[in-house]
Amino acid sequence: MPECELLTTCGFFKQHMNSHEAACKGLINQYCRGHKQEDCKRKIFRKQNGKPPEDSMLPNGSMLR
């Protein structure tokens, strides 16, 4: 499966692409490089609003504190 076309401009991916945390790796494998790309809340937000969400928004829609 190809990677998400928005990776180069995604704030979440840029901040967490080299993370060793299992949670971040799992989200990246599912949403950025896997079968949940079209379910990515960041991508949906961008399409609806014409701009990216805050970098603290996770692909599943949760917000980092």
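These are my notebook entries on a few spots I looked up in this structure.

**Ground rules**

I am working from a predicted model, where local features need pLDDT of at least 70, side-chain atom pairs count only at pLDDT 80 or more, and totals for chains, interfaces and linings use all residues. Residues are numbered from 1 along each chain as its sequence is written, and side-chain values use heavy atoms, with hydrogens and water left out.

**Entry 1**

I take buried as under 20% relative accessible area, exposed as over 50%, and partly exposed as in between, with a 1.4 Å probe and protein chains only. This core has eleven residues: C4, L7, C10, F12, F13, L27, I28, Y31, C32, C40 and L58. Two or more of them come from each of helix 1 (11-16) and helix 2 (22-32). Helix 2 is the top contributor, with four. My helices are DSSP runs of H or I with at least four residues, strands are E runs of at least two, and both are numbered from the N terminus.

Beyond residues up to four places away in sequence, L58 touches F12, L27, R42 and L64; a contact here is heavy atoms within 4.5 Å.

**Entry 2: helix 2 and its partner**

Which residues of helix 2 are buried? I noted C24, L27, I28, Y31 and C32. Looking down the axis of helix 2, I see these buried residues within an arc of 100 degrees, so they line one face of the helix. The arc is taken over the directions from the helix axis to the C-beta atoms. The buried residues pack against helix 1.

H16 sits in helix 1. I logged H16 as buried because its relative accessibility is 15%. Apart from neighbours within four places in sequence, H16 contacts C24, I28 and L64.

**Entry 3: the cavity**

I found one cavity of 30 Å³ or more. The search ran on a 1 Å grid over the protein atoms alone, a cavity being a set of points where a 1.4 Å probe fits but cannot get out; lining residues have an atom within 4 Å of a point. Points are joined across faces, edges and corners, and the volume is the space filled by probe spheres set on them. The largest cavity comes to about 130 Å³. Of its 13 lining residues, C4, L6, C10, C40 and R42 are the closest to the centre. Helix 2 and helix 3 each give two or more residues to the lining, and helix 3 has the largest share, with three.

By class, I get nine nonpolar, one polar and three charged lining residues. Ala, Val, Leu, Ile, Met, Phe, Trp, Tyr, Cys and Pro count as nonpolar, Asp, Glu, Lys and Arg as charged, and the others, Gly among them, as polar.

P53 lies in the segment after helix 3 (41-49). I have P53 down as buried, at a relative accessible area of 8%. P53 touches R42 and F45, with residues up to four places away in sequence not counted.

D39 is in the loop between helix 2 and helix 3. Buried or partly exposed? I put D39 as partly exposed, because its relative accessibility is 45%. Leaving out neighbours within four places in sequence, D39 contacts Y31, I44 and P59. The C-alpha atoms of D39 and P59 are 8.1 Å apart, across 20 residues of chain.

Methods
Core = buried A, V, L, I, M, F, W, Y, C linked by side-chain atoms within 4.5 Å. 1 Å grid on protein atoms, 1.4 Å probe; cavity = no way out; pocket = protein on both sides within 12 Å on 5 of 7 lines; lining within 4 Å.
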